[in-house]
Amino acid sequence: MKKEDSDRLDELIKQWLSDRPSLEGISLQSVANNFCISKRTVSRYLNRRGMCFKALLCEERKKRCFIYHEKKLRVAEFVYLLGLRNVSHFYTAYKRWFGHRFVDDSKKWQGNSVRMARKKL
C-alpha cells in the first residue's frame, strides 16, 4: 500500500464496504486481505483515527437499511444483505441503531406509501 493510501485508509475502507453488493462474510480479516495488510495494521490505523472497524461496518449497515426498505425487500433479505446472523439479530440491531423497533417504522412507511398511492388516484 502506498503512503498516500495509508493516510486515507478509513475512506478506502468505507468505499470498499459501500461497493460490496452484500455485507455477508465481511470481517476485519477480509478488509485486511483486500488491502494486502494485516488486520492488526488496519486496527491500529483506525484506532489512531478514533475509529474501529465494527463502527464502520455498523454505519454502512444503517445506510443500507433505508435503501433495502425502499426496494421493498423482505426482512430475511435484509438480514442476508446486511451480513447479520438471523432476523432476531437484525431486529435487535435496528432498535440499537435507531432507538425504536423496525415494525414501528415499517408500519409508518407503509402508511405513507398508501397515502401517496391514494393521492395519485
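**Aromatic pairs.** Rings of Phe, Tyr and Trp (its six-membered ring) pair if their centres lie within 6.5 Å; planes under 30 degrees apart are stacked, over 60 edge-to-face, and the rest tilted.

I looked at Phe66 and Phe98: the ring centres are 5.3 Å apart and the planes stand at 70 degrees, so this pair is edge-to-face. Phe66 is in helix H5 (residues 53-70) and Phe98 in helix H7, 32 residues apart. Helices are DSSP runs of H or I with at least four residues, numbered from the N terminus.

**Source notes.** The model is predicted: local features need pLDDT of at least 70, side-chain atom pairs count only at pLDDT 80 or more, and totals for chains, interfaces and linings use all residues. Residues are numbered from 1 along each chain as its sequence is written, and side-chain values use heavy atoms, with hydrogens and water left out.

**Accessibility.** I noted Phe66 as partly exposed at 37% relative accessibility, and Phe98 as partly exposed at 22%. Buried means under 20% relative accessible area, exposed over 50%, and partly exposed in between (1.4 Å probe, protein chains only).

**A second pair.** Phe78 lies in helix H6 (residues 75-82) and Phe90 in helix H7, so the pair ties together parts 12 residues apart in sequence. Phe78 is buried at 0%, and Phe90 is buried, also at 0%.

**Helix H7.** I listed Phe90, Ala93, Tyr94 and Trp97 as buried in H7. Just after H7, Gly99 takes a positive phi of about 80 degrees.

Technical notes. Helix = DSSP H or I, 4+ residues; strand = E, 2+ residues; numbered from the N terminus.
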